[in-house]
Amino acid sequence: MAGRPESVPSYLLSEVKLYEHASDRERYDCLADVFAILQTLEGLEGAYVKDAVAPAEYETACKALMAQFKTAVVRVSAADLGGDVDKFIETYQLQCKSAMRRLQVGVPATVEHGAHRDGEENTAKFVARATAIILTTLDRLVMGQPQIKDILPSIKDLLANFNSIPALPAEFEGKVMCRKWLEIMNPKNVFTDLTEDEVKQLQFDFETANDEFARFLEH
């Protein structure tokens, strides 16, 4: 009957516990979720660039992963992450630049840069929607000092509608403006009040985009 070799100290054969309490286990599980979501999103971005996934499937999966990431990060403290997400990535040597870029912008690449969509030929519908979003957002900015949650969805919708107009150039000023504000707003808490300067800049940017859009439609 085989027994434990006498040369092996008993402490080396004892079970090693990663955590002592249920709260510790939950913390490790949450960190594992953050790690897994970043890796998965990085893989999805690479697959989309290589045309290995259909735009519609990519967009659905990307939106789901970004939502899951926000939930996972809320469940862990800054201390658990090592300071912030960037520090977490550095500590665990993650290669996920594309994933972090996507999370920073806050919308799938199909929305940021545009992609073929069903009904794309119905340009009038997208023109009408884009115009309505611009005017509604300007009204909201004039009425008071809104929070990010009041403006961010409109910017996402505006960019999506701009990208659904085939003749609108990729570097159209309105698209550039939307991408700029997505990068500014998306990392922040949605309940953050916009500063007076931000409101004024947004008004200027939306008015400029509206004028440029009108000139585009005249040609």
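Predicted model: local features only at pLDDT ≥ 70, side-chain atom pairs only at ≥ 80, totals over all residues.
Trainee: What volume does the largest pocket have?
Mentor: A pocket is an open set of points on a 1 Å grid over the protein atoms alone, where a 1.4 Å probe fits, with protein on both sides within 12 Å along at least five of seven lines. Its volume is the space filled by probe spheres set on the points, which are joined across faces, edges and corners. For the largest pocket this is about 700 Å³.

Trainee: Which helix gives the largest share of the lining of the largest pocket?
Mentor: The lining of the largest pocket (residues with an atom within 4 Å of a point) has 24 residues, and Phe69, Lys70, Leu103, Asn186 and Pro187 lie nearest the centre. Two or more lining residues come from each of H2 (55–74), H4 (85–91), H5 (97–105) and H8 (148–163); helices are DSSP runs of H or I, at least four residues, numbered from the N terminus. The largest share, seven residues, comes from H2.

Trainee: How are H7 and H10 oriented to each other?
Mentor: The axes of H7 (residues 123–143) and H10 (residues 196–218) come within 10 Å and cross at roughly 155°; axes are lines fitted to C-alpha atoms over the stretch in contact, with angles from 0 to 180 degrees between N-to-C directions. Angles over 145 degrees count as roughly antiparallel. H7 is therefore, relative to H10, roughly antiparallel.

Trainee: How are H8 and H10 oriented to each other?
Mentor: The axes of H8 and H10 come within 14 Å and cross at roughly 20°. Angles under 35 degrees count as roughly parallel. The two helices, H8 and H10, are therefore roughly parallel.

Trainee: Which residues of H10 meet H8?
Mentor: Contact means heavy atoms within 4.5 Å. On the H8 side, the residues are Ile151, Ile155, Leu158 and Phe162. Their partners in H10 are Leu202, Phe206 and Phe213.

Note on methods: Residues numbered from 1 in each chain as written. Heavy atoms only, no water. Parallel < 35°, antiparallel > 145°, perpendicular 65-115°, else oblique.
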